[in-house]
Amino acid sequence: ITLSIRQKLMSGNSVYAFGNGGSSAIASYFVDELREIYKGSLKAYSRVHDITSLKGLINSCIHHGSYKSDVFTKILDRFGINEGDVLLGVSSSGNSENVVHPFKNFPKSVRIGILGLQDGGRIGKSNMKDIAFIMPDSGGFRSYQRAEDGQRIALSSILHALKRSENKI
């Protein structure tokens with residue numbers, strides 16, 4: 001995941017992160033920290049986007065009845081996704097339709113799922129993602145808190161590796 005994100009940013013592609021509920025906060029945290037790593041490179045910095053923080057666009061989609069399934073797809077359409085851009089979807093269940101929808105509709109992007117609850121749900125069990133981190137749920141009970149803790153740890157590890165690789169340049 002780290003290598004894909006770094007290579008895509010260095011080759012001129014964009015990174016778009018999104019999630020809903022607690023996962024939206026995790027996606028926002030990731031984007032803030034990723035921007036901090038690339039603050040010295042305006043080109044890379046300007047290509048890192050937190051879709052979940054675009055409240056005006058999200059409210060517009062809600063107003064037009066799109067929130068449940070295709071809110072992030074509609075917003076990403078407005079950005080004009082290019083082949084090779086990175087979609088980083090965060091979903092504790094892997095079943096959130098508004099996270100699934102962009103993965104199905106932008107197959108030429110690099111689709112990274114940061115998922116939970118044992119098998120990563122619909123996203124984790126399908127070919128709609130290219131790469132995934134799936135937080136295991138040992139014991140068989142569905143713990144959203146444990147899934148979100150694992151997602152934060154995974155993204156923090158990715159950020160740490162990116163920061164180390166950028167400091168070597």
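User: In this predicted model, which residues of helix 8 does helix 2 meet?
Analyst: On the helix 2 side, the residues involved are G22, S23, I26, Y29, F30, E33, L34 and I37. Sorted by type, the residues of this contact come out as nine nonpolar, four polar and five charged. Their partners in helix 8 are E148, Q151, R152, L155, S156, I158, L159, L162, K163 and E166.

User: And how do helix 2 and helix 8 run, roughly parallel or roughly antiparallel?
Analyst: Two packed helices are described by the angle between their axes and the distance between the axes. Here the axes of helix 2 and helix 8 (residues 144-167) come within 10 Å and cross at roughly 10°. Angles under 35 degrees count as roughly parallel. Helix 2 and helix 8 are therefore roughly parallel.

User: What distance separates the end C-alpha atoms of helix 2, and why does that agree with its 16 residues?
Analyst: Take 1.5 Å a residue: the 16 residues of helix 2 should then span 22 Å. That agrees with the distance in the model, so the end C-alpha atoms are 23 Å apart.

User: What covers the buried residues of helix 2?
Analyst: The buried ones in helix 2 are S23, I26, A27, S28, F30, V31 and L34. Helix 2 (residues 22-37) also lies across strand 1 (15-19), strand 2 and strand 3, at about 155° to strand 2. The cover includes helix 1 (2-10), strand 1, strand 2, strand 3 and helix 8.

User: What is the strand order in the sheet?
Analyst: It's an open sheet of five strands with parallel pairing. Strand 2 (48-50) and strand 5 (131-134) are the edge strands, each pairing on one side only. Neighbouring strands are turned by 15° against each other on average, direction ignored. The order is 2-1-3-4-5.

User: How many residues of strand 1 are buried, and on which faces?
Analyst: In a regular strand the side chains alternate between the two faces of the sheet. In strand 1, V15, A17 and G19 are buried on one side, and Y16 and F18 on the other, so both faces are covered. Strand 1 is largely enclosed by the rest of the structure, because the buried count is five of the five residues.

User: What is the bridge partner of G19 in strand 3?
Analyst: Strand 1 pairs with strand 2 in the parallel sense over three bridges, with Y16 opposite H49. Strand 1 also pairs with strand 3, again in the parallel sense, over five bridges. The partner of G19 there is V90.

User: What does V90 stand opposite in strand 4?
Analyst: Strand 3 (residues 86-91) and strand 4 (residues 110-115) run parallel, joined by six bridges. In strand 4, V90 stands opposite I114.

User: Is S92 buried or exposed?
Analyst: S92 lies in the loop between strand 3 and helix 6 (97-105). Setting aside neighbours within four places in sequence, S92 is in contact with S23, L115, G116, L117, Y144, A147, E148 and Q151. Buried means under 20% relative accessible area. At 4% relative accessibility, S92 therefore counts as buried.

User: Stepping back, what percentage of the residues in the protein chain is buried?
Analyst: The protein chain has eight helices and five strands, running α-β-α-α-β-α-α-β-α-β-α-β-α from the N terminus on. Among contacts with a separation of 6 or more, 64% involve residues 24 or more positions apart. Of the 169 residues, the buried share is 49%.

Methods: Residues numbered from 1 in each chain as written. Predicted model: local features only at pLDDT ≥ 70, side-chain atom pairs only at ≥ 80, totals over all residues. Heavy atoms only, no water. Pairing = 2+ DSSP bridges. Helix = DSSP H or I, 4+ residues; strand = E, 2+ residues; numbered from the N terminus. Axes fitted to C-alpha atoms, helices over the stretch in contact; angles between N-to-C directions. Contact = heavy atoms within 4.5 Å. Parallel < 35°, antiparallel > 145°, perpendicular 65-115°, else oblique. Nonpolar A, V, L, I, M, F, W, Y, C, P; charged D, E, K, R; others polar. Expected span 1.5 Å × (residues − 1). Buried < 20%, exposed > 50% of the residue type's maximum accessible area, 1.4 Å probe, protein only.
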